[in-house]
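Please consult the sequence and the structure while reading.

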2 protein chains.
Amino acid sequence: MPAAALGFALGARDGAARRGRIELGRGTIETPAFMPIGTAATVKAMQPEEVAATGAEILLANTYHLMLRPGAERIAALGGLHRFMNWQRPILTDSGGFQVMSLAKLRKIAEAGVSFRSHLDGAKYELTPERSIEIQDLLGADITMVLDECTPFPATEAEAQASMERSMRWAARSKAAYRTRPGHALFGIVQGSVYPALRKRSAKELCAIGFDGYAVGGMAVGEGQASMFALLEETVPALPEERPRYLMGVGKPEDILGAVARGIDMFDCVLPTRSGRTAQAFTRRGTVNLKNARHLDDPRPLDEACACAACQHYSRAYLHHLVRAGEILASMLLTQHNLRYYQDLMRGMRDAIPAQGFSDHARALRHGWAAGDIAPL
Amino acid sequence: MPAAALGFALGARDGAARRGRIELGRGTIETPAFMPIGTAATVKAMQPEEVAATGAEILLANTYHLMLRPGAERIAALGGLHRFMNWQRPILTDSGGFQVMSLAKLRKIAEAGVSFRSHLDGAKYELTPERSIEIQDLLGADITMVLDECTPFPATEAEAQASMERSMRWAARSKAAYRTRPGHALFGIVQGSVYPALRKRSAKELCAIGFDGYAVGGMAVGEGQASMFALLEETVPALPEERPRYLMGVGKPEDILGAVARGIDMFDCVLPTRSGRTAQAFTRRGTVNLKNARHLDDPRPLDEACACAACQHYSRAYLHHLVRAGEILASMLLTQHNLRYYQDLMRGMRDAIPAQGFSDHARALRHGWAAGDIAPL
């Protein structure tokens, strides 16, 4: 039985793609939506007003990083994460589970939870479903995620089943620990590795517990795009129509496009921000590497159709110069551009769905990406 | 005979301190003025509109860095430095001489000029007075500096004299090579190390050549503040009243305060920008190190009287967190703050001079700096 603390208005559909609107106490999120990553209470190389200017309506912050530094209780004492980082719109916090598995040292997983040592200073921590929910509450999360066990990839079906079943028990404990508040939401997370039957069982069990939204976790971990799309086709129909669906940690523009076509509403990924710090730009003509010497004398903007500061005020020659000189402004401008590109990508899909033009729009996007930015379109 | 391509209106005086206004084709500069450093065609960690928002009316860009990368001819082909870096207000370029001495490898100084190898890739370059002027013209400098020989410190009087005399010959060659344009200016540079007689001779020789403005170079190289102030007291009266005076590479707030009191109109220094990237903030209560653990739980702004983004929207606890986490946003916010502090410092002096309150103002500033920001004022 869904808790329905979060409003979700479903609009037009085009095939399985859906246009929707999530209503939270701190603001509205038009879906399909992309959430920039603000790992350590900052979207790297961006001021929050610049993040908002790209069109972002919600951020993701990482529980693992914030519980270690500066600490959840400290952020709570300082007025919560929104005030701490000067972002007044909604924030989704992950549960911490994924980073514990990828970053922490000496992890030990048991039924109660995970114990581990900080990758920063070796200090010992415990993360249980109850503590994860408590931390997210201390941070002031608008959307809270259940703690799940991140199934390693690859995993045998038996391993994946045992891991998924533990995640379902943790999901129930997370729900029990969660303090329902109007305008806030708790999302469950589907696990089950690459096994459709497990994914469906996981979805069914989560629905029985009842969440405000449903995430698909453990994807884009090495299974490949075709496999991910096939799994989504099996999993998404097992999720309730009337609740938002969130594909965690995905992805490249073409991954997002394919996942929206399969009924996903929300995304997060480090790609636009991380790439912005390594001279990779996402454009209508595919990714562009600003390190490349072909930009040395190029007076053209990175993408003449883009309204971001990097494209409005600077040449490729200048961006290339900043990258070569190792200037912070390169990271600032390219992160702005990439986040803007991702938000424009989502906006384009949101416009195409009510016009029943999603397939044509997707074809045009793929055509541009494949063309590259050297030869004329 | 001054070229007078640059307008300089002298306003009120208070003791030796002067209020003035420099008119260039690209804009007006209220003096006393501070010029932020945009070494490699970017004020590090700042977007140009943010630099302007701090109150800066002119930037300094480094000829040495730009001639090596991306190259002066390339910048000219791309429309000049203003367009390249998206800064439409005036730019002062240095001559390159100072960085050749401090950064380049295998330098060889001769009467013709300096030959050296790039610190970036070992490529061979020559910098003569004529080439320095040509590069600054290619960049599109609003204020061009003559090439001078940076006298090492310490130097004997004989060494300082020989070096100063070469600088004067180079100043004459620079003037001859300079292409006079309305709304643009050429500045000479006084040398002579710590020897007042040499400084006075240098000033006199420059005046005989005739420049739009006069800089004092080779200061703050290790001679100490008292010695610098004493030298300024000997040198400044030898410069023409009706032309702007620029103390190169200075300095700390207390250096600037003392130099304005001795009749200097213009300053540049890396301190506010460099310190912004190493967690040092300039405030009314002296410098504050944001690395310090005393800020860990401090909800107060860095400086409650400051209008910059860092002080308006964030706590010391947050700034400390960003610094500890090595986040780019720390550099961005602290650079904004420091540049704003320097501009506010100049504005305060500009206001105090017409009110005949410079001494009281200086006393109040020094009192605040000395008090520190822990005990109440």
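**Salt bridges and the nonpolar core**

In this predicted model, R131(B) and E134(B) join their side chains in a salt bridge, with 3.0 Å from N to O.

Q: Which helix of chain B holds both R131(B) and E134(B)?
A: Side chains of opposite charge can pair when their charged atoms come close. R131(B) and E134(B) are three residues apart, so about one helical turn separates them. The helix that holds both is α6 (residues 129-139) of chain B.

Q: Is E134(B) buried, partly exposed or exposed?
A: A residue counts as buried under 20% relative accessible area and as exposed over 50%. R131(B), at 24%, is partly exposed. E134(B) has a relative accessibility of 41%, and therefore it is partly exposed.

Q: How far apart are the closest N and O atoms of R347(A) and D344(A)?
A: The two residues lie three places apart in helix α14 (residues 328-352) of chain A, which means that about one helical turn separates them. R347(A) is partly exposed at 31% relative accessibility, and D344(A) is partly exposed at 25%. They form a salt bridge, and the distance between the closest N and O atoms is 2.5 Å.

Q: How many residues apart are E149(B) and R166(B)?
A: The side chains of E149(B) and R166(B) form a salt bridge, with 3.2 Å from N to O. This pair links distant parts of the chain: E149(B) is in the loop between β10 (143-145) and α7 (157-177) of chain B, while R166(B) is in helix α7, and the separation is 17 residues.
A further point concerns accessibility: E149(B) has a relative accessible area of 11% and is buried. The separation asked for is 17 residues.

Q: Which residues are linked with R13(A) in a network of salt bridges?
A: Over all chains, the count comes to 58 salt bridges. Some of the charged residues are joined in a network. Linked with R13(A) are R18(A), E241(A), R245(A) and D265(A).

Q: Which methionines does L247(B) touch?
A: L247(B) is one of the residues with the most contacts inside the largest nonpolar core. Leaving out residues up to four places away in sequence, its contacts include V216(B), L232(B), I264(B) and F267(B).

Terms used. Residues are numbered from 1 along each chain as its sequence is written. Chains are lettered from A and ligands numbered from 1 in the order in which they are written. This is a predicted model: local features need pLDDT of at least 70, side-chain atom pairs count only at pLDDT 80 or more; totals for chains, interfaces and linings use all residues. Side-chain values use heavy atoms; hydrogens and water are left out. A salt bridge is a side-chain nitrogen of Lys or Arg within 4 Å of a carboxyl oxygen of Asp or Glu. Helices (H or I, at least four residues) and strands (E, at least two) are DSSP runs, numbered from the N terminus. Buried means under 20% relative accessible area, exposed over 50%, partly exposed in between (1.4 Å probe, protein chains only). A nonpolar core is a set of buried Ala, Val, Leu, Ile, Met, Phe, Trp, Tyr and Cys residues joined through side-chain atoms within 4.5 Å. Contact means heavy atoms within 4.5 Å.
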